Amino acid sequence: MFQLGKTIVSEDIIKKDFVCNLSACKGACCVDGDAGAPLEQEETEILKSIYPKVKPFLRPESIEAIEAQGTYITAEDGELETPLINGADCAYVIYNEDNIALCAIEEAYNQGKISWKKPVSCHLYPVRVKDYTEFSAVNYHKWQICDDACSLGKELQVPVYKFVKEALIRKFGEDWFAELEKIAKTYR
């Protein structure tokens, strides 16, 4: 681990390789697990405001889940998350013709209906950020469903931090990312 500004960063985001391989995993990270996507407080207001524009992209069961639970939920541990459909799929999941899980929010963004891409936690994955009072911890989340992404990343020689460059800049800024790149050169 190393410190970069007000972040403590795991060396794994520099040392490990990763490129999503949707044809292999089918977007499992959006449907497996027991919790919705982590949300930041300000993202809850965004979800409320964009819901009418995202709704046409959603599946009927998604609409039902969101209208029953809300555009976001507060989990038992107090964390803010996207709601789930029957404890499984993120409520914002849609499927393409190849049965690959995609994000309805991102689809609305891609079609120019909204200007917000998706929750930053989804954009950052497999990087997870945990905010503390004095700093944020920036870690690589290893999950067996992403083994194909690790293999593809290794084959293409793309470290995690480069795969999520846009999301890291979105979260921490260009200057932070430039410093991260300088540090990465000493590790690889």
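This is a predicted model: local features need pLDDT of at least 70, side-chain atom pairs count only at pLDDT 80 or more; totals for chains, interfaces and linings use all residues.
Because E179 and K182 are 3 residues apart in helix 10, about one helical turn separates them; helices (H or I, at least four residues) and strands (E, at least two) are DSSP runs, numbered from the N terminus. E179 is partly exposed at 35% relative accessibility, where buried means under 20% relative accessible area, exposed over 50%, and partly exposed in between (1.4 Å probe, protein chains only). Residues are numbered from 1 along each chain as its sequence is written, and side-chain values use heavy atoms, with hydrogens and water left out. Local features need pLDDT of at least 70 and side-chain atom pairs count only at pLDDT 80 or more, whereas totals for chains, interfaces and linings use all residues.

A search of the whole structure finds 14 salt bridges. Side chains of opposite charge can pair when their charged atoms come close. Among these salt bridges is that of E11 with K15, at 3.1 Å from N to O, in which E11 is partly exposed with a relative accessible area of 22% and K15 is likewise partly exposed at 46%. D89 forms a salt bridge with R59, the closest N and O atoms being 3.3 Å apart. D89 lies in the loop between strand 4 (80–81) and strand 5 (93–95), and R59 in the loop between helix 3 (41–54) and helix 4 (60–69), so the pair ties together parts that are 30 residues apart in sequence. D89 is buried, with a relative accessible area of 15%, and R59 counts as buried at 15% relative accessibility.

K117 is located in the loop between helix 5 (104–110) and helix 6 (120–124) and is buried, with a relative accessible area of 19%. Leaving aside residues up to four places away in sequence, K117 touches I105, E106, Y109, H123 and E166, contact meaning heavy atoms within 4.5 Å.

The axes of helix 9 (residues 165–172) and helix 10 (residues 174–187) come within 7 Å and cross at roughly 130°; axes are lines fitted to C-alpha atoms, for helices over the stretch in contact, and angles run from 0 to 180 degrees between N-to-C directions. Helix 9 is therefore oblique to helix 10, given that angles under 35 degrees count as roughly parallel, over 145 as roughly antiparallel, 65 to 115 as roughly perpendicular and the rest as oblique. K165, L168, I169 and F172 of helix 9 make the contact with E174, W176, F177 and L180 of helix 10.

Key:
A salt bridge is a side-chain nitrogen of Lys or Arg within 4 Å of a carboxyl oxygen of Asp or Glu.
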